[in-house]
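Student: I have a structure to look at and would like to go through it with you. May we begin?

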Amino acid sequence: MTVFEIYQLEQLLAFAECGTLSGAAERLHLSQPALSRSMQRLEAELQVPLFHRQKNKIEFNENGRMAAEYARQVMEKWE
């Protein structure tokens with residue numbers, strides 16, 4: 001069973017809203033490398049990739065889009 005931390009869902013949503021790791025990191029008051037590591041841990045916990053990674057670009061893949069929608073629903077209920 002995978003246990004999610006609220007901060008991981010907040011981070012995923014920040015990326016969805018900002019579209020970049022650097023923008024999401026700035027919004028969350030984190031360093032970009034710290035956010036990147038956190039997203040890699042989330043992928044490892046879920047055992048699925050959430051992003052398409054290229055040299056200077058990262059974007060959601062289909063799993064990432066579904067995870068962000070799930071995170072939105074959870075956060076709405078949590079609030």
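Tutor: Let us begin with a definition for the charges: Lys and Arg count as positive and Asp and Glu as negative, while His and the chain ends are not counted. Please note that this is a predicted model.

Student: How many positive and negative side chains does the chain have?

Tutor: There are 9 positive and 11 negative side chains in the chain, and the centres of the two sets are 7 Å apart.

Student: And which pattern does the chain follow along the sequence?

Tutor: The chain has 4 helices and 2 strands, and the order along the sequence is α-α-α-β-β-α. Its radius of gyration is 12 Å, close to the 12 Å that the globule rule gives for 79 residues, so the chain is as compact as a globular protein of that length.

Student: What share of the residues is buried?

Tutor: Of the 79 residues in the chain, 33% are buried.

Student: Changing topic, how many aromatic pairs does the structure hold?

Tutor: It holds 3 aromatic pairs. One of them joins Phe-15 and Phe-51 edge-to-face, at 5.2 Å centre to centre and with 90° between the planes. Phe-15 is in helix α1 and Phe-51 in strand β1, so this pair ties together parts 36 residues apart in sequence.

Student: Is Phe-15 buried or exposed?

Tutor: Phe-15 is buried, at 3% relative accessibility. Phe-51 is also buried, with a relative accessible area of 6%.

Student: Which residues does the ring cluster link?

Tutor: Ring pairs link Phe-15, Phe-51 and Phe-60 into a cluster.

Note on methods:
Residues are numbered from 1 along each chain as its sequence is written. This is a predicted model: local features need pLDDT of at least 70, side-chain atom pairs count only at pLDDT 80 or more; totals for chains, interfaces and linings use all residues. Side-chain values use heavy atoms; hydrogens and water are left out. The radius of gyration is taken over C-alpha atoms; the globule rule is 2.2 Å times the number of residues to the power 0.38. Buried means under 20% relative accessible area, exposed over 50%, partly exposed in between (1.4 Å probe, protein chains only). The place of a charge is taken as NZ of Lys, CZ of Arg, CG of Asp or CD of Glu. Rings of Phe, Tyr and Trp (its six-membered ring) pair if their centres lie within 6.5 Å; planes under 30 degrees apart count as stacked, over 60 as edge-to-face and the rest as tilted.
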